[in-house]
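This report examines a protein model and describes selected sites within it. The sequence and structure are shown first, and the description follows.

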Amino acid sequence: MAGQGPSGLEVLLSTLENSNDIEGNLNIINVLDELLSAGTDRRIHYMISKGGSEALLRALLNTASTLLPNYTVLLPLLHLLAKVGHRDKKIGLKAEKLEAVLPVLNLLRKNLKNPKRAAACLWVLAVFSSWVSTATLLGKNGALDIVFKLIRPHTKKHTRTIKAAIDALAALFNSRSNSRCAVTRGYISALLRLYEDWQKNDTDNRHIPIRQALLHCLHHATCTPSARRILVEDGGIATLFQTTQACLAIRGLDSLGTSALQLIRKCYPKCPVPLTSDQSVYSFPLPGNPTPGLDTAPSPDDDSFEDESDEDIKNDELDKEEDDDLETDLTKLRYKPEPDRPLEELMQYERLCPELHHDFQELDSGSEGEASSDDDGLVCGDFGSRPRYNDGGRSANQMLGHSGTPGAFHGSCTSAESLESFQEETRAPSQEGGHGSAEAQLNARDFHSQYLSNGRARQEGPSMVDRLLEKHGACIPHHNPQLYTTAAANTKSIAGYSVLAFPDFWGHLPPPYRQPMTERKEGIQRKKIFEDVQRLLQPEEVIDKVVFDLENPSSQTSSEDPGSLRFYSQFESGNLRKAVQVRSYEYDLLLNADVNCSQHHQWFYFEVSGMKAGVPYRFNIVNCEKSNSQFNYGMQPLLYSVREALEGQPHWLRTGSEICYYRNHFCQSSASSRGQKATSYYTLTFTIIFKHNEDVCYLAYHYPYTYSALQTHLQLLQQSVDPCKVFFQKQTLCTSMAGNPCPLITITACPVSRSWEHLHQLRNRPCIVLTARVHPGESNASWVMKGTMEFLCSNDPVAESLRETYIFKIIPMLNADGVINGTHRCSLSGEDLNRQWLKPNASLNPTIYHTKGFLYYLNSIGRAPLVFCDYHGHSRKKNVFLYGCSVKETLWQSGSPINTATLKEEPGYRTLSKVLDRIAPAFAFNSCSFLVEKSRESTARVVVWREMGVLRSYTMESTYNGCDQGIYKGLQIGTQELEEMGLNLCQSLMSLKKNTLVYSKKLISHASALLDLDDNLLDHKSHSSFEDDEPPCAEEIEYQTEDCWELCFQELDAEVNANAANSEEEKEEDQGDIHLDIPKNGLLAPDRKPSRNQTLSQQSSLETFNINRSAVN
Ligand SMILES: [Zn+2]
């Protein structure tokens, strides 16, 4: 194609549009058709790029405008135009500009009695109508009626033309004004009747494409609420449902069943969720804003809003820039050294660097000093009348005599023995309750009132819980049930929780085996949706009984009803708002929105009891918001069985079958009343078969990790370190809005001596700042942080070296209030705290305000952190990965014209991710990104990078699901793997330690792999950070967009070719099944080869498409 002057193709096209030589034009059309049919679509796109569409349109105008058009040329021209136009997104626009739209409509009018010509016109009109305004123009000129009249009830004649008319009508409905006409002119009902007729009479399934086209047409026609209403009122749902059931039985009818189901789902009347309000049940009065109700507007990245608008979809959205979220403003990519507050305010944070001012006198005396004491004394609450401050933790523990005593484990007895003793324990209270049964059962309500009331309500003397623990308690590292109870007593929740969830109290051990991701059964989503649709078709079978309601406990049915499960969620991190029994073994569950908010339904954690063993129970969480979920890709929810725990198996296990996640028919309860677009919700459905009768079980989105668990853990961690070696200090950064202390932990090595040299070394260690759990639903982040903190306090030589090298500042739970109150994303102010870093408000976002202040303070004393990392969980991706910040990568990726060669950027920001890729099994470098997005300008990562000048500022994202690479490939992630990730992150910090001495031999061997790494390698391409990395789900039902056109290139080509090949129209009916034989590879069926008089030989490839001028003329 290189060289001077026009290419052969351009010469052909120019000849075609300018010449009136019939024979010559016919030859050119034939050549073009042959060339385009033989190769891939690339040829057609090349031709389009060379003005092919315009040339064909002009040639069409020339030919059609004559008084008696010559159909010998016109028909092949229309055929070619249909094929080319089908691949040209802007064909309609081009036709409009050249005023070629209405001439084609007129041609159709003239040829209504000639099926072959009519079909050719219809295909061209259909491709024109892909452009919305062209469809509107055609509609205004009467196209709808003309086309509609060509659609006939079941017949064996002219089926190709009928199909072309249906396809054209469907395309015309791209215009909303045309689809509104569909309602006023009764097309919806008529099309439904036509569909029924074909469905009924096409008994030998010869005309599946016509039935399919009718469904497609109905799909397009029902883009307005009134159209959908008519379809439902006409009994369309039942008709379509019968189709889907019939199609299930016959192979080859799959696509028809899928289309029918899609249409059902589209038209299924939206139903508000059965809640009085979308607002959270919990509200929290905000400082300076007496009436809570900061109902947040939908976030811009929320893609869950259905398009209900009356606007036409703009075609130019097709050309939308992909990377328009990347920051390209250099001033926003540069270090901004001025703090957002007066310098004198920063002095308050001096106290948070006790290691810099500590004199380590105890090193001289050899006694245990204050170095590892808890300066705030907030860990341990009232435990009897014991003192709270200073040595509270240790004394409480000494009293309990439990700390680290392996002897506390009694779980080794046989299950039968264990169960028996458990039943012994439970008998008394249930008899007191007046319903003693021969076989004492684990009753959730008794369980709460008798055993697990937290510290505030504790009774005198050894409780049932103490005795249970003594008998069955497991020795769980870094966990202690009594300490947990004490910590929970000091935890402030909005609802004033007084009950502990058993798994948090008792603790859990990782399961003895790793759990693979589940395989998704084929057709599972369709099965679930059929069951949902049956609710509408057979309402008499729906029980619709409220069995749990957080707002209105009195509306619940009696907890003694043996036919229903019992639910409970009023404990720390609990989230379940309502449970409705739909059928005998099926429950709809509704999650509570975040506090002071009406959104973010994702995290769940609740108790269920009263089950029968061995029965499949279906649970549907019906108010999920995200448009896709890892539950579609092998992830399972978590189950904890109290009975199993008492039998020595205290495990959270991935459980559940028939799991899928799809858009449902529910919408916000109040959207209609506010006249807003209704958010449509998604269902997470899973089926669980419980192992034991009348067990008490807990179900959760992910391994729970409560604020009380953190407090317990910190206390035990503090007790575990040798205060002469490890400087471990727990302080309070600030209190949360609800008054819960936000802990800040300092971990470093104590100096070897009080010599100036040693103290100087300590005071010059670089800082590493780690934070987690700004998003409460991301409990995986807490497990990673647990791994980090335990490793840093351990005797591992790498940990020792890290302590000697760095000072670690850890804020393990930035959003304690959210964690406590079971929110998913926000704080009590209803705000996403990781979007407040630019201008945090001291009273509304205290933890962010003070974390930022503390970082400013470190910066102001020349100690800006070497690394900042904020731990998160990622709900839509697998593996663990980092997001960082790079000016150069951002500018490159955005295609910015700024010359990056002159910009200086240290490449060290990639080091940690490269090291982690080698040493951390769950980590995947390929998922990392170092791009700065505008929408993330107020996140910790970007603000700390820009305002504190921290080169290595990261968000670390951990999957909720599992890994698709490395040794954990195909496995779901557990707490052990998450903790290991936290440990690996610490290990990777060794790689930043190049110029310091390596202390021990063992360490050298351990670290040598880490140190031998090239910082400058840029061999992996950065990904755009936040895209969904999963392909659309195998079952595409809810992902498929409105327009199915691009799927039917081959179908249209085949039909056009058949129309061209078949010279005798009377024979058309015999060609009815040609559609079923379309070869998969898109090549033409051999029997179709045209019997055309070819005067020019076929060129074998585009490369030989250079025909010189003389050959044509
Ligand atoms: Zn997050």
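This is a predicted model: local features need pLDDT of at least 70, side-chain atom pairs count only at pLDDT 80 or more; totals for chains, interfaces and linings use all residues.

The side chain of Asp 695 does, however, reach the backbone nitrogen of Arg 643 at 3.1 Å.

## Overall composition

The protein chain contains 42 helices and 19 strands. It comprises 1113 residues, of which 58% count as buried. Among contacts in the chain with a separation of 6 or more, 79% involve residues 24 or more positions apart.

## Zinc site

The zinc ion has protein donors from His 775 (ND1), Glu 778 (OE), Glu 778 (OE) and His 872 (ND1), at distances of 2.1 to 2.2 Å. The arrangement is irregular because the four donor atoms subtend angles of 60 to 152° around the zinc ion.

The spacing of the donor residues in sequence is H-x2-E-x93-H. The histidine pair links distant parts of the chain: His 775 belongs to the loop between strand E15 (767–772) and helix H32 (779–792), whereas His 872 belongs to strand E17 (residues 867–874), 97 residues apart. Both His 775 and His 872 are buried.

## Helix H38 and Arg 946

Helix H38 is mostly covered, with eight of its eight residues buried. These are Ala 940, Arg 941, Val 942, Val 943, Val 944, Trp 945, Arg 946 and Glu 947. The buried residues of H38 pack against several elements, including helix H18 (330–333), helix H35 (846–860) and strand E19 (952–959). After H38 comes Gly 949, with a positive phi near 65°.

Arg 946 lies in helix H38 (residues 940–947). Arg 946 is buried and has no salt bridge, the nearest side chain of opposite charge being that of Glu 947 at 5.0 Å. Its side chain instead reaches backbone oxygens: that of Thr 331 at 3.3 Å, and that of Lys 332, which lies 3.2 Å from a polar atom of the Arg 946 side chain. Leaving aside residues up to four places away in sequence, Arg 946 touches Thr 331, Lys 332, Leu 333, Arg 334, Tyr 335 and Lys 336.

Most residues other than glycine have a negative phi. Asp 544, which is not a glycine, has a positive phi of about 55°. Asp 544 occupies the loop between helix H27 (524–537) and strand E2 (545–549), and it is exposed because its relative accessible area is 58%.

Glu 658 also has a positive phi, near 50°. Glu 658 is placed in strand E10 (residues 657–667). With a relative accessible area of 17%, Glu 658 is buried.

## A buried glutamine

Gln 711 is part of helix H30 (residues 707–720). Its relative accessible area is 3%, so Gln 711 counts as buried. Gln 711 and Thr 486 are separated by 225 residues in sequence, while their C-alpha atoms are 9.7 Å apart in space.

Definitions and conventions
Residues are numbered from 1 along each chain as its sequence is written. Side-chain values use heavy atoms; hydrogens and water are left out. Donors are N, O and S atoms within 2.8 Å of the metal (3.2 Å for Na, K and Ca); water is not among the atoms, so sites may look incomplete. Four donors count as tetrahedral if all angles lie between 85 and 135 degrees; four count as square planar and six as octahedral if opposite donors are over 155 degrees apart and all others between 65 and 115; anything else is irregular. Helices (H or I, at least four residues) and strands (E, at least two) are DSSP runs, numbered from the N terminus. Buried means under 20% relative accessible area, exposed over 50%, partly exposed in between (1.4 Å probe, protein chains only). Lys and Arg count as positive and Asp and Glu as negative; His and the chain ends are not counted. A salt bridge is a side-chain nitrogen of Lys or Arg within 4 Å of a carboxyl oxygen of Asp or Glu. A polar contact is a pair of N or O atoms within 3.5 Å; within protein, one must be able to donate a hydrogen and the other to accept it, and residues adjacent in sequence count only if both atoms are side-chain atoms. Contact means heavy atoms within 4.5 Å.
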